[in-house]
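Here are my notes on the model you sent. Please read them with the structure open.

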Amino acid sequence: TKVQVAIIGAGPAGLLLGHLLRAEGIEALVIERASPDYVLGRIRAGVLERTTTDLLDRLGLSDRMNAEGLPHDGFNLADGERLIRIDIAALTGKQVMVYGQTELTRDLMDAAPGRGLEIVYEAADVALHDIESDRPSVTFQKDGSVHRIEADFICGCDGFHGPSRQAIPASAGQAFEKVYPFGWLGILADVPPCNHELIYANHENGFALASMRSKTRSRYYIQVPLTDQVEDWPDDRLWDELAVRLGPDAAASMTRGPAIEKSIAPLRSFVFEPMRHGRLMLAGDAAHIVPPTGAKGLNLAASDVAYLSEALIRYFQQSDSDGIAAYGPRALARVWKAERFSWQLTTLMHRFPDTDPFARRMQMAELDYIASSTAAQTTIAENYVGLPL
Ligand code: FAD
Ligand code: DHB
């Protein structure tokens, strides 16, 4: 089989890219290793930037998001005692949308058949071939036979552990990486949120985050050592620790309930350069990872594919390959700024093994400065709502 664009991975990056290409009549096939239920079962991002919601609006795929999502005008930083509100609407004129990655993915999946976007699920042994030639291909196993898809371009949207980045020879690229000495333990529960806006808290015991999926479903996280297991944190212990770290006011309004989901994710900053090698382009987590503190991962996947779809549309509609050459540098300029913001907010809000009393006072002084300075709040707000494309 021959298609114009073969997309590996049916996460947010792959599905959004597929829809953006289909909207311009370009043939795209998405090849995914997992099943639809597996993809929908992963509880991940919760906060969408305007740049991301604009893409969904443009595609005409935002009806459910606009009906069920929660637009937020601000969020809070906490030092365990008080809330410092960052009024993003007043400071930037923009809002963010609280709408789960699961829901966004479901909307993109449901719309695929009607828009001629074919997705092959449960494809095993996905492999890339001849990416340095102008006839690259992807092979995979499905239903007991081997399939080969020839394409003009392959887009690697297969997340951090996928085969696409690995297909680029080591000599052709460079990875930049920082691994943090802790993870986030997340809990999802059908209880009302403790606050109408998110709270990112820096406490002596470590970071905590109060988030939500709806008015009746809450999502919380705490920083834990990498050696901890989910089994170390029965629900009661986790709720007790959240109450301590989020501070007395949030604790007083917190409703406890049984966990629907509980998992630990490690924190990492990672960028692979370049984002294109021959006829292979990387997008989303396949090319870069941010620690989750700034809520940037899914939003970067969306901005990557906004740039990438533009480049591919220009190639197929105007036979102009300049956009393809410019894709990586253009995407990376935005990626690095989001890396910087995510790293900085992570550094400000977490307890590190070397957070000695001086370092702790520096964190408290910075939070106190942010509380008193509109300039500092504006810097945080404009990064949080998303830098312009
Ligand atoms: P993925 O979602 O990882 O999708 C990649 C797809 O490729 C997967 O479906 C995978 O099964 C498939 N795949 C892998 N290997 C193969 C293979 N061999 N063959 C075929 N397919 C393959 N981001 C935000 O913007 N805001 C947030 O609030 C936020 N919170 C987060 C909280 C947590 C706990 C975590 C873990 C992440 C969070 N993120 C957040 C990050 C966000 O979830 C990711 O950045 C986002 O999922 C990236 O999308 P993607 O499509 O690039 O990759
Ligand atoms: C959520 C996750 C984040 O990483 C973040 O910064 C904000 C919210 C969430 O899952 O709700």
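This is a predicted model: local features need pLDDT of at least 70, side-chain atom pairs count only at pLDDT 80 or more; totals for chains, interfaces and linings use all residues.

1. How many residues surround ligand 1? The count is 37. The closest are Gly9, Gly11, Gly159, Gly284 and Gly297.

2. The top contributor is α10, with four residues.

3. On the domains themselves: the assignment for the protein chain gives domain 1 as 2-52 + 98-175 + 268-346 and domain 2 as 178-266 + 348-384. Taken over C-alpha atoms, the centres of domain 1 and domain 2 are separated by 30 Å. The contact between them takes 14 residues from domain 1 and 17 residues from domain 2.

4. Look next at the side of domain 1 that touches domain 2. Two or more residues come from each of β16 (261-273) and α11 (322-349). Of the elements, α11 gives the most, with four residues. By class, this side of domain 1 has six nonpolar, seven polar and one charged residues.

5. The UniProt record, an unreviewed entry, places the feature "domain: FAD-binding" at residues 2-342. Over residues 2-342 the chain is 33% helix and 33% strand. The end C-alpha atoms of that stretch are 40 Å apart.

6. What is the strand order? It runs β3-β7-β4, in an open sheet with antiparallel pairing. The edge strands are β3 (47-48) and β4 (70-72), and each pairs on one side only.

7. The pairing of β4 with β7 can be followed in detail. Three bridges join β4 to β7 (residues 96-98), and the two strands run antiparallel. Where does leucine 70 find its bridge partner? The partner is valine 98, in β7.

Note on methods. Residues are numbered from 1 along each chain as its sequence is written. Chains are lettered from A and ligands numbered from 1 in the order in which they are written. A residue is near a molecule or strand if its C-beta atom, placed from the backbone, lies within 6 Å of it. Two strands pair if DSSP finds at least two bridges between them. Domain bounds come from an automatic or database domain assignment. Two residues are in contact if their C-beta atoms, placed from the backbone, lie within 7 Å. Ala, Val, Leu, Ile, Met, Phe, Trp, Tyr, Cys and Pro count as nonpolar, Asp, Glu, Lys and Arg as charged, and the others, Gly among them, as polar. UniProt positions are given in the numbering used here, feature names are shortened, and annotations may be inferred rather than shown by experiment.
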